[in-house]
Each structure stands twice: as structure tokens, then as C-alpha cells.
Amino acid sequence: MPEIGAHQLEVAETLIGVGRFLIIFVAARLLAELLVRLQLPTILGELVAGVLIGVSGLHLVVPPETQGVVSQGLLQLLGSLADLPADVVRDLYAESFPNLQEVANIGLFALLFLTGLESELDELVAVGTQATTVAVAGVLLPFALGTLGLMTLFHVDVIPAVFAGASMTATSIGITASVFGELKMLRSREGQIVIGAAVLDDILGIVILAVVVSLAGGGSLAIGPILKLVAAAVVFVVAAIGLSRSAAPAFDWLIDRLKAPGDVAVTSFVVLTACCFAATAIGLEAALGAFAAGLILSNSRHTHEIEQAVKPIVALFATIFFVLIGTGMDLSVLNPMDPANRAGLVVAAFLLLVAVAGKVASGWSFLSQQPTNRLVVGLGMMPRGEVGLIFLGLGTQAKLLTPALEAAILLMVIGTTFLAPVLLRLVVSGQSNGPDVDPLAEIPT
């Protein structure tokens, strides 16, 4: 084999990188335009676009962790353009994929930052009790019903059953925020309850994940670290709310004195990345830090300017995030003609039923003096999205799950992720006297 030069590798890496962006944006835009005309949320189009170009479709964008094979035709095309063998291009493709995932994370963080920024802080605090009740009910009901049902009805061992139950606890705040923003309900009472509950779900999900991983690894289940994690999460969120009163004026003072172009966007992202860093440093999810950053700046005089600076970033990079979720969904497990899939489909039907019913029921778990559409709250808590896929990935890596249970969890994630936007759209469009909402609440993705 002739020696491969550095220039050839550089050309191949560039072609792979920009080629993936081209495929993602074209596919996402085509499907988003189609679904808008069908009066469905654009996020659903982005997820479908991911499925079409991912492991269940054309194999053009394939996350390495799915063990999927990249399209041979794409590899040969890139190899011929870069004058490299297809197998070298395939290795470069896999090695460079984490870069794309990092870009997608920027989209997620920007979306959550914008969600926090557009949250009415007083209203978010006002619905704190309801959000807490919804979050706790939305965690306990699916977890308990899923775990006990798997053990009693399907005779699944304790650890896999606990893991599967845990995979149903979290809510994808990214998908929830995008759907409510697109429906212009982010600032409605229902939207604020759901966003607050989704944030708490993230906290509870982190704790449950830590416990399950400890159980799976045979480690000691010490109560101390768990309490420390809960305390850190509570302090972090409370500190963000407190800083919204004191840090926002300091931010405004700084912005008023900056003269270089891009001052608002760059300074906002300094706050965003600092909060993500702080959250990660104390053992929390960086996504929680992104939401907290938005809360901190929600009282700024420059809120409208920040929104205008951040929304294009969300429109670009959050699209990548949602498309990548779709690329990792292997729909071949839906084929009932394959005998290997049938056990997983039966378990999946049970998990999907529990996953939907548990979250929807959480919408009726709180007391409220004000009119609230409880079905909207319950449906808003439904999508598992990337959070469910993270649980599934960890379970697969730890070899905790049988193939049937892996397929069942994947189908539960797919089902809740796709159903939530559709059902929310149907319920909201059917409201004759829905709440007045701010048109600026829309988040373009």
C-alpha cells in the first residue's frame, strides 16, 4: 500500500466533517418543511430525518456506538475524492464522530440556555411546588410499575428490571423545551410546570443513574454520596435563582462597557460555559448548568438581545442534536417477522404503556387553584429522548440487558420521543380557550 500523506488525511477529514453537516442540514430541513405543512412539530421532522440517514435508513450518518456500518457507497466516494482506501476513510469517520457529537452538545446547551432565559422566573418559582410533585410522581410511577411489572410478569432478574425501570424515569428537557417553544407555550403555566419538573427529573435521574450503576458494578450503595449529590443539585438551582437578582445587573454593567462586535453573544456564552463547567465539576449534568445560566440572565436588561444572538445558534446546532438522536435509533427491532424480535416487542409494549401512563398520570399529581391543562403537563413529561438512550447505552456497555430487554427499552424511548410532540400538538390545537402566550417564546429548531 502506498504511503498515506498528511494532506490526504486532512482532505478526507474535511470531506467527512462538512459532508455530515450537509447531509444533516438538508435532510432535517426537508423533513421539517414537510411536517410543518402537516401541522406537526419540526422537531419530529428532525428526528425522522435522523432515522432516514442513520442506522435504520441510508447509513450516511452512523454513530459508532450503534455498531452500525457506514454506507459503502459513501466511503468509496469520499475515498476517491481524497485518494484514500475506503477502510482508511471508515476509520477516520469513526474517529472524528465525537467531534460532531460535541457540536450537537453545543446545540443542546444553547437550547437549554434559551429555555432558562425565556422562563418567567417568578412564575417558575410560583409553580415550584407543583413542578416538584409532578417530577417526583413522574419518576416514581414509571420506575415502580416498570420494575415490578418486569419482575412479576416477565420474570426478569432484579438488576436488569431495576435498570429498565430507571430508564423510564427521566424526561428529555431538550425535546420538551423545543416542543413547548414551538407551540408558543413555554411561558404558559403548563410550560413552566413542565420545564421545572423536567429540571428536577434531570436531578433525580442523575441520582438514580448513580445508584443503578453502583448496583450494576457490585459496588457498595453508600447513602452519603447520594445525599451529597442531591444537596449539590438543590444548592446549584437555588444559587442560580438567587444570582438572577444580583449577577444580571453585573452582566448588564459589563455589556454596557464592551465595544467590540459580538459582545452580547460571546459574554452570554461565557456565562453559559462557566455554569456548565461548574455543574460538571460538582457531579451534575452540564445540561443543568446551561439551563441555570439562562435563569441567571433572565433578569438582564439585554434579554431580547441575548435571545436574538442565541436563537440562530439554536436553530443550527440543536438541529444536529435532534437529528443525531434519530440516527442512533435502530428500527429493525420493530420487525415482528423476525422471531428474535418478538419477545422484545411484547416487553416493549408493556414498557411503552407504563412509560406513557406514568408520565401522563403525573399531570394529575398536584393541587392548583388556577386552571391548568393537566393532560398537557403529563404529555410534556413523556419524551425520554437522549436521556433514555444514555441509560440504554450504559446498560449495554455494562452487559446488564438481554437482547430482548435492550430492544424493549429502545422501542420505549422511540415511542415516547415520537408520540409526545404529536399528542401535544393535537391536544393544544384542540384547546378553544388556551392560555395567552408570548410570541417571543418560540424556539426555532
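Asp256 counts as partly exposed, at 36% relative accessibility. Here buried means under 20% relative accessible area, exposed means over 50%, and partly exposed lies in between (1.4 Å probe, protein chains only). Asp256 forms a salt bridge with Arg301, the closest N and O atoms being 2.7 Å apart. A salt bridge is a side-chain nitrogen of Lys or Arg within 4 Å of a carboxyl oxygen of Asp or Glu. This pair links distant parts of the chain. Arg301 is in the loop between H12 and H13, and Asp256 is in helix H10, 45 residues apart. Helices are DSSP runs (H or I, at least four residues), numbered from the N terminus.

The model is predicted, so local features need pLDDT of at least 70 and side-chain atom pairs count only at pLDDT 80 or more, while totals for chains, interfaces and linings use all residues. Residues are numbered from 1 along each chain as its sequence is written, and side-chain values use heavy atoms, with hydrogens and water left out.

Stay with Arg301. Its side chain also meets that of Asp252 in a salt bridge (3.9 Å, N to O). Asp252 is buried, at 4%.

The structure holds 4 salt bridges. Another of them lies in helix H1, where the side chains of Arg37 and Glu33 meet (2.6 Å, N to O). These two residues are 4 apart, about one turn of the helix. Arg37 is exposed, with 61% relative accessibility. Glu33 is partly exposed, with 33%. Salt bridges that share partners join Arg29, Glu33 and Arg37 into one network.

Helix H1 spans residues 6-37 and also holds Leu22. Leu22 is exposed, with a relative accessible area of 56%. Together with Val26 and Leu30, Leu22 forms a nonpolar patch on the surface. The accessible area of the three comes to about 300 Å². Such areas come from the Shrake-Rupley method with a 1.4 Å probe, and for residues only the protein chains shown count as cover. Patch members have over 30% relative accessible area and no salt bridge; nonpolar side chains (Val, Leu, Ile, Met, Phe, Trp, Tyr) are joined within 5 Å, and like charges within 9 Å.

Just after H8, Lys184 takes a positive phi of about 60°. Lys184 is not a glycine. Most residues other than glycine have a negative phi. Lys184 is in the loop between H8 and H9. This residue is partly exposed, at 31% relative accessibility.

Which other residue has a positive phi although it is not a glycine? His155 does, at about 55°. His155 lies in the loop between H6 and helix H7, which covers residues 158-167. His155 is exposed, with a relative accessible area of 66%.

Now turn to the second largest pocket. Its volume is about 450 Å³. The lining has 20 residues, and Gly128, Thr132, Gly196, Leu200 and Val237 lie nearest the centre. Which helices give two or more residues to that lining? They are H5 (121-126), H6 (128-153), H9 (189-216), H10 (223-257) and H12 (286-297). On a 1 Å grid over the protein atoms alone, a pocket is an open set of points with protein on both sides within 12 Å along at least five of seven lines; lining residues have an atom within 4 Å of a point. Grid points are joined across faces, edges and corners, and a volume is the space filled by probe spheres set on the points.

Last come the cysteines. A disulfide is a covalent bond between the sulfur atoms of two cysteines. The rule used here is a pair of cysteine sulfur atoms within 2.5 Å. By this rule the count is 0 disulfides. Cys275 is in no disulfide, and the nearest cysteine sulfur, that of Cys276, is 7.2 Å away. Cys275 is buried, with a relative accessible area of 10%. Cys276 is buried as well, at 9%.

Terms used: 1 Å grid on protein atoms, 1.4 Å probe; cavity = no way out; pocket = protein on both sides within 12 Å on 5 of 7 lines; lining within 4 Å.
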